[in-house]
Amino acid sequence: MSQVLIREVFPIEAGDYVKAGEVSAAIKRKLKQLGVDSGVLRRIAVASYEVELNLVIHSMGGKITLEMSPQMIKLLSEDVGPGIPDLDRAMTEGYSTANEEARSLGFGAGMGLPNMKRNADAFEIKSQVGIGTSIDMGFAI
């Protein structure tokens, strides 16, 4: 990526359903203020919400980093464990390992990773069981 104009890191706490969605809303507000095209903004809002919820539901905590250059907006998600044992299965629409608490709150439909990939122009996921997962999404502007 070329010159980074903006870089902001947002910590995400595992299991914090009360604050779930606040980071993605903050990212959307910031990018809207910067005049990002509404179509691109919508795709980033969907992807950032999905990745934020995955951190809340499935990880032991992590962070989302927002980076903006003249040509690209990147969302980088890094978490602490447990990792994803079967990435191919996890990328299948409708497959979910969400716990009962998440499901009772209306989360965990198994669309998070597929929605991230569908909305991003570039998508890369790496996961190691017991270590954690990183997701790198890029959006052309």
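This is a predicted model: local features need pLDDT of at least 70, side-chain atom pairs count only at pLDDT 80 or more; totals for chains, interfaces and linings use all residues.
The axis of a helix is a line fitted to its C-alpha atoms over the stretch in contact, and the angle between two axes, taken between their N-to-C directions, can run from 0 to 180 degrees.

The axes of α2 and α5 come within 9 Å of each other, and they cross at roughly 150 degrees. Because angles over 145 degrees count as roughly antiparallel, α2 is described as roughly antiparallel to α5. The crossing itself is left-handed. On the side of α2, the residues that make this contact are Arg 42, Arg 43, Val 46, Ala 47, Glu 50, Val 51 and Asn 54, while α5 contributes Gly 112, Leu 113, Asn 115, Met 116 and Asn 119. Sorted by class, the residues of this contact comprise 5 nonpolar, 4 polar and 3 charged.

Helix α2 also meets α1, the helix formed by residues 22-33, and here the two axes come within 8 Å and cross at roughly 160 degrees. That angle makes α1 roughly antiparallel to α2. The crossing of α1 with α2 is right-handed, whereas that of α2 with α5 is left-handed. From α1, the residues Glu 22, Val 23, Ser 24, Ile 27, Lys 28, Leu 31 and Lys 32 meet Leu 41, Ile 44, Ala 45, Ser 48, Tyr 49 and Glu 52 of α2. This contact holds 7 nonpolar, 2 polar and 4 charged residues.

Which element gives the most to the lining of the largest pocket? It is α2, with 8 residues, and the elements that each supply at least two residues are α2 (38-58), β3 (72-79), α3 (87-90), α5 (112-119) and β5 (132-140). By class, the lining is made up of 16 nonpolar, 12 polar and 4 charged residues.

Two local features remain. In general, most peptide bonds are trans. The bond that joins Gly 81 and Pro 82, however, is cis, with an omega of about 5 degrees, and Pro 82 is found in the loop between β3 and α3.

Leu 5, for its part, sits in the segment before β1 (6-12). Although Leu 5 and Ile 73 are 68 residues apart along the chain, their C-alpha atoms are separated by 9.9 Å. Setting aside its neighbours within four places in sequence, Leu 5 is in contact with Met 68, Ser 69 and Pro 70.

Key
Residues are numbered from 1 along each chain as its sequence is written. Side-chain values use heavy atoms; hydrogens and water are left out. Helices (H or I, at least four residues) and strands (E, at least two) are DSSP runs, numbered from the N terminus. Ala, Val, Leu, Ile, Met, Phe, Trp, Tyr, Cys and Pro count as nonpolar, Asp, Glu, Lys and Arg as charged, and the others, Gly among them, as polar. Angles under 35 degrees count as roughly parallel, over 145 as roughly antiparallel, 65 to 115 as roughly perpendicular and the rest as oblique. A crossing is left-handed if the near helix is turned anticlockwise from the far one by less than a right angle, and right-handed if clockwise. Contact means heavy atoms within 4.5 Å.
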